[in-house]
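Hi,

Here is the structure I said I'd pass on.

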Amino acid sequence: MAELSFFAGTMDCGKSTLALQMDHNHRARGQVGIIFTRLDRSGEAVLSSRLGLETPAVEVSADLDLWETVVAQLTAGGRVDYLICDEAQFYSPEQIEQLARIVDELDIEVFAFGITSDFRTELFPGSQRLIELADRTQVLQVSALCWCGRRATHNARVVDGVMVVEGEQVVVGDTADPTHEAEVEYEVLCRRHHMRRMNSRAAQAAALSADVLPFDLDACPVPPPA
């Protein structure tokens, strides 16, 4: 029986790498699949890993009907054994429901990969619907690390070096805005430092500041220089 599986985690925990590996394993056994992604860091219609691996994919636009896409391929005589759905947090709840329908009515395996919560610690709508509908949700065991060395559990948005907790939910990272006034990056933090709004750059600045009391540095230790 096919299942809707959701592999969740923070950034840097290997979601896209696992998606690429899973696609490779299925293809090596003669199966045929479709890879979907949305807003990948490397650009449109590509699934990429931070390790440098990538493969072409179908870009999931806001109006793409995943059910109709799969049915069209089957109707044309094509074969579909599985779906790889990366960056699933950016899919709409309706698109997640289409994935569930594909599993239930077409008996096609669906493997979805995504971040659960945004930089404000709020669930992405796509991830929330996946948690509600998935046959199984698996938190990836490759732990991303906060700058302090603890396991990272939260994603932080950093604008011009300063962590922010307000703004649009979806902003692609490692870019400047259209006016080139702000650089947007993302960083993974442990809960303690996310709640204290202390990203790695802020921690380094605090360590150099004479105004910071010693016990503040003990609470937020800065890693020794490499």
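Let's start with helix H4, which covers residues 125-133: Gly 126, Ser 127 and Leu 130 are buried there. If you look down the axis of H4, these buried residues fall within an arc of 95°, so they line one face of the helix. What do the buried residues of H4 pack against? Their partners are strand E1 (4-8), helix H3 (93-106) and strand E7 (109-114). Keep in mind that this is a predicted model.

Next up is Glu 87, which UniProt lists under "active site", in an unreviewed entry. You'll find Glu 87 in the loop that runs between strand E6 (82-85) and H3, and H3 is also one of the elements that the buried face of H4 packs against. Is Glu 87 buried or exposed? Its relative accessible area is 10%, and the cut-off for buried is under 20%, so Glu 87 counts as buried. The side chain of Glu 87 also makes a polar contact of 2.8 Å with the side chain of Gln 89.

The chain has a mean pLDDT of 85, with 85% of its residues at 70 or more. Two stretches need some care, though. Over residues 213-219 the pLDDT stays under 50, and the model gives this stretch seven contacts beyond four places in sequence. Residues 221-226 also have pLDDT below 50, with seven contacts in the model beyond near neighbours in sequence.

Cheers

Terms used. Residues numbered from 1 in each chain as written. Predicted model: local features only at pLDDT ≥ 70, side-chain atom pairs only at ≥ 80, totals over all residues. Heavy atoms only, no water. Buried < 20%, exposed > 50% of the residue type's maximum accessible area, 1.4 Å probe, protein only. Helix = DSSP H or I, 4+ residues; strand = E, 2+ residues; numbered from the N terminus. Arc of directions from axis to C-beta. Contact = heavy atoms within 4.5 Å. UniProt positions renumbered as here; feature names shortened; annotations may be inferred. Polar contact = N/O pair within 3.5 Å; in protein donor to acceptor, adjacent residues only side chain to side chain. pLDDT = per-residue confidence, 0-100.
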